[in-house]
Amino acid sequence: MDRSVLWRAAAVQAISVAVLSVALAVALPHSFFEDWGWIAGPAAWMLCALVTAAAVRLPAARVLVGAVLAGLPSLLAVVLGVHWLGAAIAIVLFALWCARLAREPGLPARAV
């Protein structure tokens with residue numbers, strides 16, 4: 001596990017999710033999220049994962065797989081009404097995935 005990637009992936013994902021969430025909340029009415037949140041949330045999460053993949057120099061396709069897997073537990077949080085707790089848990093799981101991915105053989109060495 002690459003701890004540098006872990007912290008950078010967590011930070012980039014958290015910041016990009018926060019910035020995009022605020023931008024969407026300002027730009028769109030609450031009713032949009034009631035009707036379309038089920039697709040807008042995951043799409044935003046995946047977009048932020050692509051930003052993270054580029055920032056930490058990891059393969060986008062493999063990072064997206066990790067984003068999907070890390071996002072699954074947050075579904076339970078949404079059902080329980082603690083959406084932001086689910087996002088926090090997903091960020092931790094996603095960062096762990098990226099840190100593990102960074103140490104896989106065959107990936108090019110990255111400058112830190």
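Keep in mind that the model is predicted.

Let's start on the surface. Which residues form the nonpolar patch? They are Met1, Leu76, Leu80, Val82, Leu85, Ile89, Val92, Leu93 and Leu96. Together they have about 830 Å² of accessible area. Two helices, H3 (60–80) and H4 (83–102), each give at least two residues to this patch. H4 supplies the largest share, with five residues.

Now look at Val82, a patch member. Val82 sits in the loop between H3 and H4. Is Val82 buried, exposed or partly exposed? Its relative accessibility is 36%, so Val82 counts as partly exposed. The reason is the cut-offs: buried means under 20%, exposed means over 50%, and partly exposed lies in between.

Next, helix H4. This helix has 20 residues. From first C-alpha to last, H4 reaches 28 Å, close to the 28 Å expected at 1.5 Å a residue. We have seen what H4 gives to the patch. H4 also has buried residues, among them Gly86, Ala90, Phe94 and Cys98. What covers the buried residues of H4? The cover includes helix H1 (3–27), helix H2 (30–56) and H3.

Last stop: Cys48. Find this residue in helix H2. Cys48 has a relative accessible area of 3%, so it is buried. Which residues touch Cys48, leaving aside neighbours within four places in sequence? Gln13, Ser16, Val17 and Leu20 are in contact with Cys48. Val12 and Cys48 are 36 residues apart along the chain, yet 8.2 Å separates their C-alpha atoms.

Methods: Residues are numbered from 1 along each chain as its sequence is written. This is a predicted model: local features need pLDDT of at least 70, side-chain atom pairs count only at pLDDT 80 or more; totals for chains, interfaces and linings use all residues. Side-chain values use heavy atoms; hydrogens and water are left out. Patches are made of residues with over 30% relative accessible area and no salt bridge: like charges are joined within 9 Å, nonpolar side chains (Val, Leu, Ile, Met, Phe, Trp, Tyr) within 5 Å. Accessible areas come from the Shrake-Rupley method with a 1.4 Å probe; for residues, only the protein chains shown count as cover. A salt bridge is a side-chain nitrogen of Lys or Arg within 4 Å of a carboxyl oxygen of Asp or Glu. Helices (H or I, at least four residues) and strands (E, at least two) are DSSP runs, numbered from the N terminus. Buried means under 20% relative accessible area, exposed over 50%, partly exposed in between (1.4 Å probe, protein chains only). The expected span of a helix is 1.5 Å times one less than its number of residues. Contact means heavy atoms within 4.5 Å.
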